[in-house]
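Hello,

Here is the model you asked about. Please look it over, then read the notes below.

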Amino acid sequence: MLGPFGPGRTVMSEEHAAATHPWVRIRAAAGHVGEVVEIRGWVTHRRSSGKVQFLVIRDGSGSIQCVAGVKDLSPEQWEATAQLTTESAVIVRGLVKADTRQVGGVELGLQSVEVVSVAHDYPITPKEHGVDFLMDHRHLWLRSARQQSVLRIRAEIIAAFRDFMNREDFLLVDAPVFTPSACEGTTNLFETQYFEDKAYLTQSGQLYMEAAAMAFGRVYCFGPAFRAEKSKTRRHLIEFWMMEPEWAFGTLQDVIALEERLLCYTVGRVLEARAEDLKVCERDTSKLEKVVGPFPRIHYDDAVRMLHEAGLPFEYGNDFGAPDETELSNRYETPIFVTNYPAAVKAFYMEPDPANPKLSLSCDCLAPEGYGEIIGGGQRMSSLDLLTARIDEHGLPQEAFEWYKDLRRYGSVPHAGFGIGVERTLAWIAGLDHVRESIAFPRMLYRLAP
RNA sequence: UCCUCGGUAGCUCAAUGGUAGAGCAUUCGGCUGUUAACCGAAGGGUUGUAGGUUCGAAUCCUACCCGAGGAGCCA
């Protein structure tokens, strides 16, 4: 497996492939010990002891310390190097030397330094910064090592999601972002102009996935979702990314089984492929190594009993609040499934539980270590009559759902699906204390820029 | 929307009614192996905004603005 971050000898352009000084990514420099290579990147630190200068350069794949004695460079280049500031852009050439003192195990003995551009007063310093300052400078904050590690883990999680679903024979069918009305009718939607009509930004692709599942059998979508809710916590974004599988003839038990395999695969893959990035995030990976199935399945009734035993003032029939979820998930070291929620606290399309019609064939997955809900899903309603009644009960307009009801008129089958949130899953796996770090440019309550 | 906390140099913070401070960053000088290098020097302020109390306000009071954490809702 040789990607741009692989251990091999990666040359960055055709132009340089046959050159005597090939342009290499820093991550691959260890494969070029004893050779003269070119590195293109940005200066993160410069230190000097008068007759010797040290440059630490990053290029997005890693960082490397470069060293030059006064005789190694021309007087002009020596002087230009002395003028380099944090985040100045450079193209350097030098001899790759093994050096156990360095983080990557190698150091570059400089032979030439070409200044591409000099940065002035880069605002982010190696010292501490406050959240407000960093969020205002998110476009620059992305250059720091920790943020890069977080976003690399994000990319790995997304790749794992897609690879897993494709391997399970699910077809990618993306859902629209503009929708004519509420998918679920409850939460607030962002309204926008669609020529003469009003349109709304999607809050879920699920209803469209139900249609696609009746066409292809097994489908999933992957895209952004928008919730115009004034939620202001470490677990909420206004714009977030979700993967939503949906499949025909699926049951609640199938949902739980697939979620379990998806999470085990994803955590295992991140542990293996992104070990260094997890270390940069200071993640306690021993906790992730315990994420192997089977995860506990807890019926709503039993969950309520557990809360009462713990002395929490929980009223049967309600949805769980944050303290309730924490109490339940803290009892285990793996994610847990809470099933069969009351129909009243779930969306109108949830299939009723045949064993107790007040409950539903629903399932939420709660991540451990207090990270809370990362997946919501369940079996969908297959009866046209019941669906029609539920739409009325929720005060939703029947005409907006006629196309959705067609799915029950023409070959209705039991079917099921779930939605998994990328940012919450990443926050848990990377051990973040806030989802704002889990996406390159977060959209949050009262924060739309940069 | 509600509750709690906060806003002082570019950044992180100190100064609890009596002369506005430190570290880092920046600029200049020194140093041939540094690792957030180190040593010396310099510049840098309408204390979020408006009003009030007081001989005197960063500090006390009122309103507003901005931010953070949490609740509800959710992935």
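**Backbone and helix notes**

Tyr446 is exposed, with a relative accessible area of 67%. (Buried is under 20% relative accessible area, partly exposed in between, exposed over 50%, with a 1.4 Å probe and protein chains only.) Tyr446 sits in the segment after α14 (422-430). Its phi is positive, about 65°, although Tyr446 is not a glycine.

This is a predicted model: local features need pLDDT of at least 70, side-chain atom pairs count only at pLDDT 80 or more, and totals for chains, interfaces and linings use all residues. Residues are numbered from 1 along each chain as its sequence is written, chains are lettered from A and ligands numbered from 1 in the order in which they are written, and side-chain values use heavy atoms, leaving out hydrogens and water.

Glu87 is not a glycine either, yet has a positive phi of about 75°. Glu87 is buried, at 8% relative accessible area. Its place is the loop between α2 (75-82) and β4 (89-98). (Helices, H or I of at least four residues, and strands, E of at least two, are DSSP runs numbered from the N terminus.)

A cis peptide bond joins Gly293 and Pro294, with omega about 0°. Pro294 is in the loop between α9 (285-289) and β12 (297-299).

Now the helix. α7 has 22 residues (252-273) and should span 32 Å at 1.5 Å a residue; its end C-alpha atoms are 32 Å apart, which agrees. The expected span is 1.5 Å times one less than the number of residues. Buried residues in α7 include Leu252, Val255, Ile256, Glu259, Glu260, Leu263 and Val267.

Best regards
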